[in-house]
Amino acid sequence: MALVRAGEWSSQIRRGTLELCVLALIASKPRYGYDLVTALERWEPLATTEGTVYPLLRRLQREGKVEASWRESAAGPPRKYYQLTPYGGGLLERMTADWAELSEAVRESLSTGKEAKSHG
Amino acid sequence: MDDAAERYLDEMRRNLRPLPEDERSEAVREIESHIAEGQADGRPTAAVLAGLGDAKTLARAYVADYHLRVPRDGALGSVSHFVLSSVFVSGTGVLSLFVVPMLALLTFLAGLLAVVTPVLGVLRTFGVPGIVMGDSGGWEVPTLWSFPASLVFAATCAVLAWAGYKLLRGYLRLILAGYRRLLPFRPVLR
């Protein structure tokens, strides 16, 4: 039971951070879906079901955080390229700052917990 | 595209039915592109499809996200927004009560006259009794001039009807745009 709970917890954490990672990856250069999915696969904890990235991209586009355009590719069918809008760029900055703050706080609280354990 | 990929896309399309057509074809087109990229990358179709996960689950994620509306910054729950909305809705409501029926009546009557007058003009030319054309002072249009005079009158009415229609349309657009801006949610369309 505890294991199932832990799994649920990790998938929730991942879902929340996936948006940040996707925005950050798109910010570095315009990317199409497959490119984005393979980029995420470089980091094992971020490698989610590839399918989940696409509905997320669609929502980010609808929310005006990214914009997309279909471009012909030299080989194969056209690709849908995504890039950040100015709104998305501003959001990414704020999210990055929030994330840095949050992860720092989590790290500190975890190490405090450890210290208490070793002292006690 | 092979059979397995086609089946996957069909299954997806079927489960995307709650979405508008353009939303659905856009989603399917992108997944189709993903499959083609994977195949070009040298991955077996089965592996690419497994990576995407169940077609039904994927389609459901699209549908669920589509219905997830996004609150606009600051629009929800602020006092000034509430007061502004109230003033706008009641103000334009009272205004519309007069403007809309008047413009609609003008358009309808002018349009009707534009159609009927030339017919009456023709009838009067051929001596049908009971049709009066003239001013209130008792002056009357000569019988031979009935049709040309009716055409001039009808043209004036047609211009009026057209103007009334345009005004009404413009007015409704303006009001509806105002209502849309007041919505605490962004429309889900692109």
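**Exercise 1. At what angle do helix 2 of chain A and helix 3 of chain A pack, and how far apart are their axes?**

*Solution.* The structure is a predicted model, in which local features need pLDDT of at least 70 and side-chain atom pairs count only at pLDDT 80 or more, whereas totals for chains, interfaces and linings use all residues. Residues are numbered from 1 along each chain as its sequence is written, and chains are lettered from A and ligands numbered from 1 in the order in which they are written.

Step 1. Helices (H or I, at least four residues) and strands (E, at least two) are DSSP runs, numbered from the N terminus. Axes are lines fitted to C-alpha atoms, for helices over the stretch in contact, and angles run from 0 to 180 degrees between N-to-C directions.

Step 2. The two helices of chain A pack at about 130°, and their axes are 10 Å apart. Helix 2 of chain A is therefore oblique to helix 3 of chain A. In this scheme, angles under 35 degrees count as roughly parallel, over 145 as roughly antiparallel, 65 to 115 as roughly perpendicular and the rest as oblique.

Step 3. The crossing of helix 2 of chain A with helix 3 of chain A is right-handed. A crossing is left-handed if the near helix is turned anticlockwise from the far one by less than a right angle, and right-handed if clockwise.

Step 4. Helix 2 of chain A contributes A:Gly33, A:Leu36 and A:Val37 to the contact, and helix 3 of chain A contributes A:Glu50, A:Val53, A:Tyr54 and A:Leu57. Two residues are in contact if their C-beta atoms, placed from the backbone, lie within 7 Å. By class, the residues of this contact are 5 nonpolar, 1 polar and 1 charged. Ala, Val, Leu, Ile, Met, Phe, Trp, Tyr, Cys and Pro count as nonpolar, Asp, Glu, Lys and Arg as charged, and the others, Gly among them, as polar.

**Exercise 2. Describe the strand order and pairing of the open sheet in chain A.**

*Solution.* Step 1. Chain A has 4 helices and 3 strands, and its elements run α-β-α-α-β-β-α from the N terminus on.

Step 2. The open sheet of 3 strands has the order 1-3-2, with antiparallel pairing. Two strands pair if DSSP finds at least two bridges between them. Strand 1 (31-32) and strand 2 (66-71) of chain A are at the edges with a single partner strand each, so one side of each has no neighbour in the sheet.

Step 3. Strand 2 of chain A is joined to strand 3 of chain A by 6 bridges. In this pairing, A:Glu67 has A:Gln83 of strand 3 as its bridge partner, and A:Trp70 stands opposite A:Lys80. Strand 1 of chain A is joined to strand 3 of chain A by 2 bridges, and A:Arg31 stands opposite A:Tyr82.

**Exercise 3. Which element of chain A gives the most to the side that touches chain B?**

*Solution.* Step 1. The contact takes 18 residues from chain A and 21 residues from chain B. Helix 2 (33-41), helix 3 (50-62) and strand 3 (79-84) of chain A each supply at least two residues of the chain A side.

Step 2. Helix 3 of chain A gives the most, with 8 residues. The side of chain A that touches chain B comprises 6 nonpolar, 5 polar and 7 charged residues.

Step 3. The buried residues of helix 3 of chain A include A:Glu50, A:Gly51, A:Val53 and A:Tyr54. A residue is buried if 20 or more other C-beta atoms lie within 10 Å of its own, exposed if 12 or fewer, and partly exposed in between; C-beta atoms are placed from the backbone.

**Exercise 4. Locate B:Leu52 and identify its contacts.**

*Solution.* Step 1. B:Leu52 is in helix 3 of chain B. Because B:Leu52 has 23 C-beta neighbours inside 10 Å, it counts as buried.

Step 2. Neighbours within four places in sequence aside, B:Leu52 is in contact with A:Glu50, A:Gly51, B:Ile31 and B:Leu58.

Step 3. The axes of helix 1 (residues 3-15) and helix 3 (residues 45-52) of chain B come within 9 Å and cross at roughly 20°. These two helices of chain B are therefore roughly parallel to each other, and their crossing is left-handed.
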